[in-house]
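I opened this entry to record what I looked up about packing in one chain. The notes follow in the order I made them.

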Amino acid sequence: MKQFVQMAAVLFAVSVAPCVAQQMPMPPASASPSTTTAPAIRQITLQQAEATAIKNNPQITVGKLQALQAREFTRETRAALYPQIALNVTAVGSDPGSRISAGFLNNPTVYPRVAAGAAVSQLITDFGRTQNLVANSVFQAKAQDQNAIATQQQIVLAVDEAFYNTLETKALLHVAEETVKARQDLVDQVQALTNAKLKSDVDLSFSKVDFARAKLLLLSSQNSYEASLSTLSAILGYPDRQDFAPVEPASQSTPPAVDPAPLIQQALNQRPEVKSLEDEVTAATKFSRAEHDLWWPTVSASGVVGAAPIRNDNISNWYGAAGVNINIPVFNGFLFNARAKSADLDAEVKRKRLQDLQNNVARDVRNTWLDTEKAYERLSVTQQLREQAQLALELSQARYKLGLATIVELSQAELQKTEADIDDTDARYQYAVSQIFLAYQMGLTR
């Protein structure tokens, strides 16, 4: 008889629940970003987001411009290997027979004249100094190229992280909306049972408390989703928040590598930061050799030719000469010694920085690999947790309908189900983000 009464009460509650006025109405649909009637909601894929950031982000443009500037420095240094040609036009008016008498050991006569000519000079050899300077500039330009690539990879990493964060907050918003809906249904049912004197006001109060908590979760999820959209818009180069609708990429829940050692070696070979510093070390070594070459002689040739159509009678109507000059440094107050020592120390500093960077890269790859492995193991755990929480909720609902469980047990089961949904959603996207970070640490980011 008691079971019959309980079953009748359940049927009565189900039949009257749709007719009962809601005590705590749902938030208006316009409050949710997922249902906002925005004028320009655009779908965007991960590849489109990356391409947009590469096109719009000014940091990438700065990196490319610096790389181009470094190449011009190479041309500037290489210019010393080519002939230097200059055209000269001279007109002089002077007192007849006047001479420069002060300030010089020589004492040349100054004749009035108008003349034009050309001067050519060519470096024959400086025993490798200029070639080393050119090599230094070449490797500096290569280092700037790698820095530009590193900047682009950092921007792409930020885009990927912001993209997946937007997807996660959107999924969590959906969880919050479903939670609010479920809690609203429970309030309606308990309200109906309370009105029928089959449940106490305590049960109704518990259900309303849970409903209020669900609405707080919804508000927090809405704020997180809006913030993630603002972050994504800024990284893509937009000054205002854009109404993007990120498209879920294909699931790639592949297990991580078993051993991080090959990943570390790959990172040391591919990371642009490592390549850049390696080029800087080579450039510093070349510059050090160039500074040591300062003590070698410099051999150069020069020649001049010209004509003087208007001249003093003591001046020939044309002139021409050619010669070779050898400059041998002897003593300059230990200047060259100091420059060579300074260049050696700078090269050694860069070698130590490269060694430190390689150690840090190996550490970062190993730690990121551990994070990826933990995130992958977390996937199965959170999936099991979600399934068990769903089963526990269904059993608690059945027991509550039959009068075998209290509202506290049902409330606890609903709370555990919500937490399990959140943990499972977070686990899926965190594993995707951990894979992105691992690819970045290995230098594989697009």
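Core. I looked up the largest nonpolar core of this predicted model. It has 31 residues, and I44, A49, V159, F163, Y164, L236 and F244 touch the most other members. I then listed the elements that give two or more residues to this core: helix 2, helix 4 (129–195), helix 5 (201–235) and helix 9 (407–441). Helix 4 supplies the largest share, 12 residues.

I44. I checked the contacts of I44, leaving out residues up to four places away in sequence. I44 touches A49, F163, L236 and F244, and also A245, P246 and V247.

Second core. I found a separate core of 13 residues. Among its members are I264, A267, V365 and W369.

Helix 4 and helix 7. Which way does helix 4 run relative to helix 7 (residues 272–292)? I read an angle of about 165° between them, with the axes 8 Å apart. Angles over 145 degrees count as roughly antiparallel, and helix 4 and helix 7 are therefore roughly antiparallel to each other. I noted their crossing as left-handed.

N57. I looked up where N57 sits: in the loop between helix 2 (46–56) and helix 3 (58–78). Leaving aside neighbours within four places in sequence, I found N57 in contact with I155 and I235.

Methods: Residues are numbered from 1 along each chain as its sequence is written. This is a predicted model: local features need pLDDT of at least 70, side-chain atom pairs count only at pLDDT 80 or more; totals for chains, interfaces and linings use all residues. Side-chain values use heavy atoms; hydrogens and water are left out. Helices (H or I, at least four residues) and strands (E, at least two) are DSSP runs, numbered from the N terminus. Contact means heavy atoms within 4.5 Å. A nonpolar core is a set of buried Ala, Val, Leu, Ile, Met, Phe, Trp, Tyr and Cys residues joined through side-chain atoms within 4.5 Å. Buried means under 20% relative accessible area, exposed over 50%, partly exposed in between (1.4 Å probe, protein chains only). Axes are lines fitted to C-alpha atoms, for helices over the stretch in contact, and angles run from 0 to 180 degrees between N-to-C directions. Angles under 35 degrees count as roughly parallel, over 145 as roughly antiparallel, 65 to 115 as roughly perpendicular and the rest as oblique. A crossing is left-handed if the near helix is turned anticlockwise from the far one by less than a right angle, and right-handed if clockwise.
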